[in-house]
Amino acid sequence: MAPTPNLSTSTPPLHTFHVHRRAVPYRIFAVVYFSAILVLLYHHIYKLFTNLLHPTTSFSLVFLHLSVVLADAIFAFMWTTTQAFRMRPIQRRTFPDNLVKMLDKSGEYPGLDVFIFTADPYKEPPMSVVNTALSVMAYEYPTDKNSVYISDDGGSKLTLFAFMEAARFARHWLPFCREKRLVERSPDAYFSNNNCCSSKDEEMKTMYEAMKGRVENMVERGEVMNEEYLTSKHDRDALNKWKLGFTHQDHPTIIEVLLDNGEDKDITGYKMPNLVYIAREKSKSSAHHFKAGALNVLTRVSATMTNAPVILTLDCDMHSNDPITPLRTLCFLLEPIMGLEVAYVQFPQHFRGINKNDTYANEIKRSFRVDPIGMDGLQGTCYLGTGCFFRRRSLFGSPLSQLFAERRELNPEHVVDKNIKSKEVLSMAHLVASSNYEDGTNWGSKIGFRYGSLVEDYYTGYKLQCEGWKSVFCDPERPAFLGDIPINLHDVLSQNKRWAIGHLEVAFSKYCPLMYGVNSMGILMGLAYARYAFEAFWSIPFTIYAFLIPLAFINGVSTFPEVTNPLFYLYVFFFVGAYAQDLTDFLLTNGTIMQWWSDQRMWLIRGLTSYLFGSIDCSFQKLGISALGFNVTNKVVDDEQSKRYEQGTFEFGITSPFFVTLTMAAIINLITFVVGVVRVVLFPEKFGEMFVQMFISGFVIVNCWPIYEGIALRVDKGRMPTKTITISLLLLGILHCVTFFSLTHVRH
Ligand SMILES: O=c1ccn([C@@H]2O[C@H](COP(=O)(O)OP(=O)(O)O[C@H]3O[C@H](CO)[C@@H](O)[C@H](O)[C@H]3O)[C@@H](O)[C@H]2O)c(=O)[nH]1
Ligand SMILES: [Mn+2]
């Protein structure tokens with residue numbers, strides 16, 4: 001299809017898009033697949049009723065049958081929700097050159113406020129946060145329009161110290177980037193790519209390494225103490241704000257303006273961007289709402305200081321990989337016709353350091369690449385938490401009716417006319433960062449980033465779109481940002497568990513996408529958001545297919561149709577159809593078959609771990625038994641683990657409930673398969689009856705290969721702990737006994 005310009009043809013376009021060719025075959029396939037689902041559901045219900053009406057049917061058999069119907073119904077539901085992404089996937093292009101021409105002729109660059117988040121100096125090394133900040137301070141954007149705000153939820157001296165160093169280094173780094181026209185503007189990325197040839201490079205590298213040495217030295221010691229590093233009185237005074245009794249959960253607000261655009265210049269005399277450090281007030285008596293709370297504090301503090309109309313939210317594990325990214329964003333936000341309706345422009349999370357076959361599916365291709373282009377063709381993509389440029393105005397009510405904050409200074413149209421370091425500005429900034437400031441206001445409910453879910457990104461994007469805002473997904477050839485990934489299985493699964501819980505919180509709130517979302521945005525967008533809200537539901541069919549049905553099989557009860565039954569072909573179609581389409585999506589987004597294999601394996605693994613335990617935690621929270629928290633993902637890498645990751649070896653190593661369910665699934669399916677083989681040898685005529693179960697268990701076994709290795713073949717530290725294996729065997733024994741006694745009357 002020809003690209004469709006989104007502008008009137010008189011001016012050169014700022015952006016275009018085209019609908020992917022796959023849309024039409026996907027729509028046809030959807031109709032066929034959906035019809036097949038209806039046939040299967042009809043069959044299930046028919047059989048269930050005949051079973052129920054039969055006087056001799058035992059309770060256990062009905063239970064088993066109901067479970068199978070439930071599993072298949074959830075598969076069907078989840079399949080339906082994913083169709084929303086496949087109806088109209090689009091691809092966009094931007095023309096930053098045209099934008100620059102337009103701005104040179106007619107206008108001014110809008111201000112940009114960048115928010116960077118960090119929460120723990122030991123899980124998120126301050127040097128990595130510094131690299132994130134330097135990469136965006138060096139954006140190809142007028143420096144007097146660029147302000148970088150660091151939110152430190154760890155309230156750590158170490159992070160502030162690192163930024164004092166960074167502010168000094170930036171005076172050298174920014175002109176260096178400008179003069180050399182670098183595209184890699186995170187020093188760490190630049191120097192680790194062996195960009196060292198000129199003497200200027202060498203000099204810069206030495207300076208960078210010296211700063212890194214000082215910061216890492218402090219972090220290692222856990223205290224900022226070396227007086228010789230603290231050259232200015234101002235720095236010493238700032239660090240003295242950490243008084244006795246200061247903890248990361250209980251402390252006053254600390255705001256330090258480290259660079260002030262009005263007065264600070266780089267070594268060539270150019271203005272520096274603003275750089276502000278903020279540790280918001282924390283107190284045990286008020287909720288701080290984790291990252292969502294930090295986002296709102298930064299929204300307010302930045303409003304008092306610069307109030308730029310465009311906000312970039314960026315996690316500290318991600319740095320800019322392309323300095324013209326803000327210009328690409330403006331291609332959408334400044335577009336005269338549709339621009340005003342766009343709440344945010346989301347760039348995908350791309351990662352560095354992923355191993356060859358992407359063992360843990362860290363690329364998260366479906367959520368970060370495949371699904372967003374599908375939503376982009378409808379009303380717009382989800383907010384993914386980082387690498388996203390917001391129109392500040394979108395945080396204040398729907399496009400048609402603006403809401404106003406309780407203080408005029410916080411509203412998007414307010415113009416700041418005082419210096420960022422002035423007394424008035426600083427006292428207002430402290431006020432709006434206090435821990436009880438939001439009491440009795442609309443922050444978190446109607447204004448700003450929304451509270452109520454651990455995935456504040458998904459939830460906020462969803463609420464904005466329900467209000468009528470559009471959004472844009474922009475995925476240029478050169479990734480705009482590059483992030484780091486967790487490289488150990490447990491970290492990956494914990495992260496996914498947090499997401500699953502956050503999504504469930506939305507699913508079971510009054511804003512459930514299936515009702516509220518469908519009403520506000522229509523059926524397709526509602527389904528797309530529901531696909532995430534209900535992702536933890538995968539755990540239900542997976543648990544049934546991985547445990548219940550194999551246990552029944554071992555105890556002599558087969559659930560699946562024989563190969564001679566026409567229904568058998570329906571199952572084959574479901575399996576092959578869904579997998580083939582999934583593979584197609586993957587290959588069309590530059591994936592390899594092996595990466596796809598890892599991705600589907602991780603989906604199965606998540607089903608029995610993150611989604612399962614996420615559902616359990618969420619139920620506990622609903623029952624008031626426990627509270628939910630945001631466990632920050634660990635970003636520090638252990639060398640030995642790193643080596644195993646490079647080789648593609650799975651990392652177990654610690655005792656965790658996640659690994660218990662995985663081990664159980666691996667063992668029970670191996671047993672099922674062996675039992676099947678023995679029965680086929682004894683009664684070859686039963687092969688047709690057992691084929692489907694043996695195929696499914698065989699498929700699980702192939703997927704579980706790394707688990708068997710972890711249990712039996714490895715001796716390194718990352719192997720499956722003996723304790724985990726013992727607990728799994730015990731639990732399996734109990735489950736087997738329960739099944740055995742429940743099915744006593746059914747066996748023949
Ligand atoms: O109380 C908190 C907890 C976290 N963070 C920051 O939030 C960011 C994301 O945390 P991380 O541990 O890296 O979580 P991820 O799972 O990698 O983050 C994904 O999922 C989050 C929602 O669960 C989103 O906020 C993120 O943008 C998205 O990348 C980091 O910069 C943290 O420093 C805070 O500022 N305050
Ligand atoms: Mn992260």
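The model is a predicted one, in which local features need pLDDT of at least 70, side-chain atom pairs count only at pLDDT 80 or more, and totals for chains, interfaces and linings use all residues. Residues are numbered from 1 along each chain as its sequence is written, while chains are lettered from A and ligands numbered from 1 in the order in which they are written.

Now for the shell itself. It holds 25 residues, and Ala119, Phe290, Asp315, Gly385 and Thr633 come nearest to ligand 1; a residue is near when its C-beta atom, placed from the backbone, lies within 6 Å of the molecule. Two or more residues each come from strand S4 (112–118), helix H9 (290–305), helix H13 (456–466) and helix H14 (489–507), with helices (H or I, at least four residues) and strands (E, at least two) being DSSP runs numbered from the N terminus. H14 gives the most, with four residues. By class, the shell has 10 nonpolar, seven polar and eight charged residues. Here Ala, Val, Leu, Ile, Met, Phe, Trp, Tyr, Cys and Pro count as nonpolar, Asp, Glu, Lys and Arg as charged, and the others, Gly among them, as polar.

What does UniProt list for "binding site"? The unreviewed entry lists Lys123, Glu124 and Asp153. They span 31 residues in sequence, yet no two of their C-alpha atoms are more than 12.3 Å apart, so they gather at one spot. UniProt positions are given in the numbering used here, feature names are shortened, and annotations may be inferred rather than shown by experiment.

Lys123 sits in the loop between S4 and helix H4 (126–137) and is partly exposed, with 15 other C-beta atoms within 10 Å. Asp153, in the loop between strand S5 (146–152) and helix H5 (157–180), is buried, with 25 such atoms within 10 Å. (Buried takes 20 or more, exposed 12 or fewer, partly exposed in between, with C-beta atoms placed from the backbone.) Leaving aside neighbours within four places in sequence, Lys123 is in contact with Val632, Asn634, Lys635 and Val636, and Asp153 touches Thr118, Ala119 and Ala294; contact means C-beta atoms, placed from the backbone, within 7 Å.

Technical notes: Two residues are in contact if their C-beta atoms, placed from the backbone, lie within 7 Å.
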